[in-house]
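I opened my notebook for a first look at this structure. Here is what I looked up, entry by entry.

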Amino acid sequence: MNELPEQINEFGEKRRKGFVTIKNLKDEGKKVVGVFCAFTPKEVIAAAGAIPIGICGTSEEPIQDAEKHLPRNLCPLIKSSYGFAITNKCPYTYFSDLIVGETTCDGKKKMYEMLGKIKSVHVMQLPQTTKGEDSYKLWKNEIIKLKEKVEKEFNVEITEENLKDAIKLKNIERETLKEFYELGKMMPPPILGMDILKVLRGAAFSYDKEEEIKTIRNMTKNIKEAYKKGENKVLSSAKRILVTGCPLGESTDKIINTIEQNGGVVVCFENCGGVKDIGFLVDETIDPIDALTSKYLNIACSCMTPNDNRIELLSQLIDEYKVDGVVDVILQACHTYNVETYRIKEFVTKEKNIPYLSIETDYSQTDIGQLKTRIGAFVEMI
Ligand code: SF4
Ligand code: SF4
């Protein structure tokens, strides 16, 4: 276990360290596609030989610049992403040959209009509901349109074989990451939730997928072996917390750290970038476009109405991870997740009979004192 913290930290640094790599890949002629959301079928991009890369802003730094164009009372993720684009401060956005967005929440889709003035942007029209044939047809058509857009933009042909290969590799990556984050099911878990998050984050910025899969499998194996020998970072008395809600980024690490410094351990991340996203494979036995349509249409995002998939997923995860309490993270001005807090609270407290806490926050660090008080009291009460 001795070298593991270092290995995890190093892997978690992939975003920061990947700047040079992405520049070199661009110099070699590789195409880069910036993506914002779990709904983007990354396999279509990978099948074209391009690199899909997450460009969601997770830092407070460019928000002031973004507010010159965008309203202040907008979700920090949208402002940060736009701020990075207009200031050229994010190399991933800067190097993107194409940006793919979806009509998820209102703030994002209006921001894409503005982003389209400075970058090449393709927006996928997302249905408002996962249910029914109309939604399915619409989303399938949008996936076909994305495929055609990528083919035209990069002058390539995406064959059925290319798509199947990309799906296969992405599924192996998902299974590998799943085996890693499922370490959280152990009682007590062998590593902190913050460590799990670092690895999930690092994976999103690994361009050599074969190498990434090998490294993560190795890490999982080493952690399990060390655990068997009694090496463990987490006290068995730590309260097992599931985190749900808006996407997490470096600026919201304050919440995870506060939970873990106050007697809790995050055993499961339901958010995008966690189970909601990675936990579901693409069916390799059916037509690849149909398989991508079903997988991506069913993401348990609050943009969907109703969003029953989130309730079903939470129910399953609370049982599987033996969760003691749920923390729902809401980014300021995220109306869809904010409105859903009532339904989630009712479900968690009345049907699953465990405590629930919702936290509304932004990317500033000014609420750390308040977070300590609220989270500390929540964990103590469990
Ligand atoms: S929470 Fe919804 S809108 Fe945000 S990244 Fe996830 S799927 Fe996309
Ligand atoms: S966190 Fe909410 S408001 Fe912000 S981009 Fe995602 S869905 Fe939109």
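**Entry 1: around a ligand.** I began with ligand 2 and listed what surrounds it: C75, I78, C105, K108, C246, P247, L331 and C334. I was reading a predicted model here, so I kept that in mind. Next I sorted this shell by residue type. How many nonpolar, polar and charged residues does the shell around ligand 2 hold? I found seven nonpolar residues, no polar ones and one charged.

**Entry 2: a pair of helices.** I then turned to α9, residues 160–181, and α11, residues 209–228. Their axes lie 9 Å apart, and the packing angle is about 20°. That angle makes α9 roughly parallel to α11, since angles under 35 degrees count as such. I also noted the handedness: α9 passes α11 in a left-handed crossing.

Which residues make the contact? From α9 I wrote down L169, I172, E173, T176, L177, E179 and F180. From α11 I wrote down K209, E210, E212, I213, I216, R217, T220, I223 and K224. Sorting the residues of this contact gave me seven nonpolar, two polar and seven charged.

**Entry 3: one threonine.** Last, I looked up T130, which sits in the loop between β4 (121–124) and α8 (133–154). Is T130 buried or exposed? Its relative accessible area is 15%, so I marked T130 as buried, the cut-off being under 20%. I then checked its partners, leaving aside neighbours within four places in sequence. T130 is in contact with S135, L297, N298, M304 and N309.

Terms used:
Residues numbered from 1 in each chain as written. Chains lettered and ligands numbered in written order. Predicted model: local features only at pLDDT ≥ 70, side-chain atom pairs only at ≥ 80, totals over all residues. Heavy atoms only, no water. Axes fitted to C-alpha atoms, helices over the stretch in contact; angles between N-to-C directions. Helix = DSSP H or I, 4+ residues; strand = E, 2+ residues; numbered from the N terminus. Parallel < 35°, antiparallel > 145°, perpendicular 65-115°, else oblique. Left-handed = near helix turned anticlockwise from the far one by under 90°. Contact = heavy atoms within 4.5 Å. Nonpolar A, V, L, I, M, F, W, Y, C, P; charged D, E, K, R; others polar. Near = heavy atom within 4 Å. Buried < 20%, exposed > 50% of the residue type's maximum accessible area, 1.4 Å probe, protein only.
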